[in-house]
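Visitor: I would like to learn how to read a few features of a protein model. Please take me through them one at a time.

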Amino acid sequence: MKKLLTSLLMLVLAVCFVAYPIVGAASTKKKVQPVKEVESGLKNGVIVDFGANYVVIKEAGKNQKYVLNNKTKIYYLGNLADIMEIAKKGLKVSFKVWLKNNIPQYLTYLEIPAAGLEGQGIIGMSLIDLRTNVSDDSVPPSLAAPALDDRTQLVNGNIVKTTDLNPEVDNQFQFVNNKTLRLGRISVVPGTLTVKVEGKEYKLIEANAEFTADDQFKMTVKDGVTDLVFKAELPAKNQAEADEKVQVTYQKKIYEIKTAEINSFPIHEDVYVELNGKEVSLAKALYRGTYFYTLANDNGEIVYINAFYKDAEAVIKSIKGNNIELTIIKYGKPAFVDTVTVEDWATITDQEGNTLELKALRAGDKIRFSVDPDSGYKVVEILKLK
């Protein structure tokens with residue numbers, strides 16, 4: 001019996017030793033992975049190089065070279081096109097990639113937009129100080145004709161744009177003498193001038209006509225100054241008596257005057273650039289900033305640029321506490337997304353001048369806003385647009 005048990009035990013051990021390497025060999029066998037091929041989603045980037053069978057696109061700051069082949073569909077304004085005829089470095093394109101095990105193989109789709117104007121010449125930085133005021137002055141501000149800087153060949157000067165606003169009613173005049181009243185450097189809207197002397201309405205005649213009655217007067221304009229000239233002497237010897245005995249009413253033209261003062265500078269190669277207080281590339285600051293402070297060295301070269309948001313237009317995406325996520329509008333179109341912080345004491349109004357609270361703003365509202373460098377680039381003004 002003892003001998004039988006010993007034989008059985010040895011048999012069991014033998015079976016175990018034989019089975020173990022068989023199981024182990026099966027567990028180490030590698031499975032064959034299937035090849036995964038798929039078209040990517042739509043991507044965006046900027047062309048930095050291209051040829052008949054390739055294109056190099058900058059995506060998220062990195063250059064990636066892609067193959068073009070007979071499976072690549074290249075579109076320009078909705079039509080199939082040849083890349084060599086339409087591509088330009090710097091254009092922002094949309095594209096899709098054929099991926100094999102997540103490795104790019106070739107482009108399947110490439111949409112190239114139309115290019116704008118191509119130019120050549122000297123590049124500098126023009127600081128345009130834009131000022132807007134409302135005036136009734138009949139003589140527009142003087143212009144400084146654009147001129148070339150002898151050293152840099154950049155343009156300096158100013159441009160004035162005048163826009164008519166709704167006219168205003170006025171009754172002011174200045175007593176010059178007993179036959180002349182002065183309205184000043186204004187433009188009177190034709191057909192709106194009324195003059196009464198001691199209650200009697202006088203008749204306006206053409207400036208070059210002859211007087212035929214004592215109750216007639218002319219309106220003359222010389223060097224932009226408007227005068228009322230009477231045939232008969234007025235019953236007044238000074239301003240006080242004229243104010244008492246003469247009533248003058250008229251509508252005067254009102255103008256919005258925008259003056260752009262242009263000063264151009266070269267940019268130093270080591271220029272230090274910030275956007276809303278954070279260091280960025282020159283290109284990003286110039287594109288995203290809407291107002292700039294600059295500093296030049298003693299050679300007249302820009303060495304520091306402080307770009308920030310002033311009178312920037314945007315659409316609110318979301319509001320969380322004092323933080324607003326915005327889609328910034330550039331040239332009338334959505335351009336990029338940024339988040340700004342609103343000062344607790346910020347001025348918030350609508351276009352009718354009503355004061356609002358931050359909580360009154362909603363996602364989708366269009367606003368114009370400004371930050372203040374002295375407040376850590378927090379928003380200090382918000383105007384809710386219609």
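This is a predicted model: local features need pLDDT of at least 70, side-chain atom pairs count only at pLDDT 80 or more; totals for chains, interfaces and linings use all residues.

Visitor: How do I read a sheet, and in which order do the strands close into a barrel here?

Guide: Strands of a sheet pair through backbone hydrogen bonds, either parallel or antiparallel. Here 5 strands form the barrel, in the order 24-25-26-28-27, and their pairing is mixed. On average, neighbouring strands of this sheet are turned by 55° against each other, direction ignored.

Visitor: In which sense do strand 26 and strand 28 pair?

Guide: The pairing of strand 26 (residues 333-350) with strand 28 (residues 378-384) is parallel and covers 5 bridges. As for individual positions, Ile348 has Ile382 of strand 28 opposite.

Visitor: Which residues have the most contacts inside the largest nonpolar core?

Guide: They are Tyr309, Ile324, Leu326, Phe369 and Ile382, in a core of 21 residues. At least two residues of this core come from each of strand 24, strand 25, strand 26, strand 27 and strand 28. Strand 26 supplies the largest share, 5 residues.

Visitor: Now the pockets. How much space lies in the largest pocket?

Guide: Rolling a probe the size of a water molecule over the atoms shows where empty space is left. For the largest pocket, that space comes to about 960 Å³. Its lining has 23 residues, and Ile128, Leu130, Thr290, Tyr291 and Lys310 lie nearest the centre. The elements that each give two or more residues to this lining are strand 9 (125-135), strand 22 (291-296), strand 24 (312-320), strand 25 (323-330) and strand 27 (366-372).

Visitor: Which strand gives the most to that lining, and what is its make-up by class?

Guide: Strand 9 gives the most, with 6 residues. By class, the lining of the largest pocket has 11 nonpolar, 7 charged and 5 polar residues.

Visitor: What is the volume of the second largest pocket, and which residues are closest to its centre?

Guide: The volume of the second largest pocket is about 280 Å³. Leu275, Asn276, Lys278, Asp338 and Thr339 are closest to its centre, out of 14 lining residues. Helix 4 (282-288) and strand 26 each give at least two residues to this lining, and strand 26 gives the most, with 4. The classes are 5 nonpolar, 4 polar and 5 charged.

Key
Residues are numbered from 1 along each chain as its sequence is written. Side-chain values use heavy atoms; hydrogens and water are left out. Two strands pair if DSSP finds at least two bridges between them. Axes are lines fitted to C-alpha atoms, for helices over the stretch in contact, and angles run from 0 to 180 degrees between N-to-C directions. On a 1 Å grid over the protein atoms alone, a cavity is a set of points where a 1.4 Å probe fits but cannot get out, and a pocket is an open set with protein on both sides within 12 Å along at least five of seven lines; lining residues have an atom within 4 Å of a point. Grid points are joined across faces, edges and corners, and a volume is the space filled by probe spheres set on the points. Ala, Val, Leu, Ile, Met, Phe, Trp, Tyr, Cys and Pro count as nonpolar, Asp, Glu, Lys and Arg as charged, and the others, Gly among them, as polar. A nonpolar core is a set of buried Ala, Val, Leu, Ile, Met, Phe, Trp, Tyr and Cys residues joined through side-chain atoms within 4.5 Å. Buried means under 20% relative accessible area, exposed over 50%, partly exposed in between (1.4 Å probe, protein chains only).
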